[in-house]
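This briefing concerns the structure shown below.

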Amino acid sequence: MRFFRVLRCDLRLVLGRQWRYLLLLPTGMLLFCANLYRWVQEMEPGASLDLQDYLVYIFGGMGRYSPSPDEPFLFPGIWVCSVGLMLFLMLRYPREELYESGQQQLLRSGGRCRYWIAKCVMQLVMTVCYFTLAYGTVLLFTLLTRGTLLESLNGEWVEILGRVNVNWDEIAQSPPWMYLMPPATVLLMAGIQQIVSLLTGISIGYLVSLGLMIASAYFMTPWLAGNYGMLYRAGSVMAEGFAMEQSLLVCVLAWVLMSAAGGVYFCRMDILKREELE
Amino acid sequence: MRFHISRKNCGWRKILSMELRKMLRTKAFWISLALGLAIVTLNTLYIASPKEEWYDYGENILVNPMIYGSTLYNCWIGNESFTFAFSMFYFLFPILCILPYGWSLCAEMQNGYLKNIAVRVRRKDYFKAKYGAAFLGGGLAGTIPLVVNFVADALFLPAIRPDLLYPYYSMQQVDFLAELYCVRPLLFNLLYFVFSFVYFGLIAGCTVACAFLVKSRILGMLLPVGAFYVMHSVSMMLPYPQVLYELSPIYCIHPTPVARHANGWILFGYMAWMFLFAVLTGWIKGNEKYEIF
């Protein structure tokens, strides 16, 4: 019961603090959707877009980058802004709150373990909220522009926009659960960020998240978490992309492990000493 | 060391020197500098690592063995745009600049130190000194890695004047200071060190101004960074031939063009905008908000 009270209190505080910043998310989504719509109308007047086209455009990231002096590395701005905003929103609360009302909450929660689990569950709930808001806005835009819903992904646009070697055999039948990959990746990155910010500080935690994002964009490797969150690199979209079932499993398992490791550290952390250092 | 301040003997220069000493003692400044240096070292390691294939023109035409193929002026981090070091540095520099001391005013407002200091010195002087310290901290943390990279790369590569007959340089005639780059490349790069220093400092200054607008330290710090990324994303969405020049606040400070042509007016426009934002915010909000009595 105490656990749910802590969780409820967290959610109320987070939503109370964040609602203004949350407006940035649908605004950004609308801007990105409108940009893709404009671009497609210029290329093919009268063409209708599917919900998947918008989602892949926003959460696609970029294809494989081959370093070459002729081809500058342009980081995927839309993906960075969308994912970066969500990570930023999840960054502040647990750490800042720990040195405010969090210590009172910690005393009343009945144990550090419960407190930490509440924070991890809150991460999960907030990720679901952010993506519901983001996907909901894209869905609304698709409906308003009379687009189709989850019918098929247009491989030609993916090839041009993402500069991807398209997997033509599977792209038309991309499974809808592919769109769970960005939330799973954001969740994993939020877990990493939470632990790093606990160890070093909020700004370094965010710096590490941004560094991870850019390293993931530059190197296409399963060892960098951000790769799983780029839909252009999914196996059904890109010819040599990542197998999605495995990616999803890796993200969830890694998040659970990160949370457990963070919990062990948090249970032994000297909060008052750290507060003095702050 | 203890700092003694009193209204009598405290001009803003004295407060500035005190703030600079404080800045140089913060871990954040050294962490930021170390991170910047670590990133640019990746570029130097890439340049310095032996590459037999560089000389095997038949197999690898990306790096040409001709003498103009790889020179200091197309390989150091400020004149190339394809290595991991470039990607990291020019993506993270806004945070590296604000990390040294941009947060300090916000922190001092939160912990009440400002109230103590405001009764001892003129607030205007104090804010000016804070801005100055943040400016210098941001400028140093951003520019020192660039200078170190330039010097380190010069140990391994010849500093041959670029010959634009060869297609190994991204600079074109329409680009900002293109003539200087071709005729006096060293002067061009030195000039860009100065621009970078000012630009990085102004970013840190914006964070100081944000302390007047938001309560949260982390939000105040990361607001200018977020604005940079949003502006970058929007600029990258603009159609290329119609918008010829680089509008991204991240790429416009790169000495040679990255995605589009470089334009000096845009670079100076961003500088002016950041300066005005900081000064006006400090001027308006600094007077109205901190009436402590």
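**Salt bridges and their surroundings**

R64(A) is partly exposed, with a relative accessible area of 43%; buried means under 20% relative accessible area, exposed over 50%, and partly exposed in between (1.4 Å probe, protein chains only). The model is predicted: local features need pLDDT of at least 70, side-chain atom pairs count only at pLDDT 80 or more, and totals for chains, interfaces and linings use all residues. Residues are numbered from 1 along each chain as its sequence is written, chains are lettered from A and ligands numbered from 1 in the order in which they are written, and side-chain values use heavy atoms, with hydrogens and water left out.

*Salt bridges in chain A*

- R64(A) forms a salt bridge with E240(A) at 3.8 Å, N to O; the term denotes a side-chain nitrogen of Lys or Arg within 4 Å of a carboxyl oxygen of Asp or Glu.
- This pair links distant parts of the chain, 176 residues apart: E240(A) is in the loop between α9 (202-218) and α10 of chain A, and R64(A) is in the loop between α3 (51-59) and α4 (77-98) of chain A. Helices (H or I, at least four residues) and strands (E, at least two) are DSSP runs, numbered from the N terminus.
- E240(A) is partly exposed as well, at a relative accessible area of 35%.
- A salt bridge also joins R163(A) and E71(A), at 3.9 Å, N to O.
- Here the partners are 92 residues apart, with R163(A) in the loop between α7 (155-162) and α8 (181-199) of chain A and E71(A) in the loop between α3 and α4 of chain A.
- R163(A) counts as exposed at 60% relative accessibility, whereas E71(A), at 34%, counts as partly exposed.

*Salt bridges in chain B and in total*

- In chain B, the closest N and O atoms of E108(B) and K130(B) are 3.0 Å apart, and the two residues form a salt bridge.
- Over all chains, the whole structure has eight salt bridges.

*Interface of chain B and chain A*

- Chain B gives 33 residues to the contact and chain A gives 35 residues, where contact means heavy atoms within 4.5 Å.
- About 2900 Å² is buried between the two chains, and carbon and sulfur atoms give 77% of this area; buried area is the accessible area (1.4 Å probe) that two parts lose on being put together, summed over both.
- F82(B), F91(B) and M237(B) supply 23% of the area that chain B buries against chain A, more than any other three residues.
- There are zero salt bridges between chain B and chain A.
- Seven residue pairs, with both residues at pLDDT 80 or more, are in polar contact across the interface. A polar contact is a pair of N or O atoms within 3.5 Å; within protein, one must be able to donate a hydrogen and the other to accept it, and residues adjacent in sequence count only if both atoms are side-chain atoms.
- The elements giving two or more residues to the side of chain B that touches chain A are α2 (27-48), α4 (84-98) and α10 (217-237) of chain B.
- Of these, α10(B) provides the largest share, 12 residues.

*Individual residues in chain B*

- S233(B) is found in helix α10 of chain B and is buried, with a relative accessible area of 2%.
- Apart from its neighbours within four places in sequence, S233(B) is in contact with G77(A), I78(A) and C81(A).
- Y90(B), in helix α4 of chain B, counts as buried at 1% relative accessibility.
- Apart from its neighbours within four places in sequence, Y90(B) has contacts that include I77(B), L146(B) and H254(B).

*Overall make-up of chain B*

- Chain B has 11 helices and zero strands.
- Of its 293 residues, 55% count as buried.
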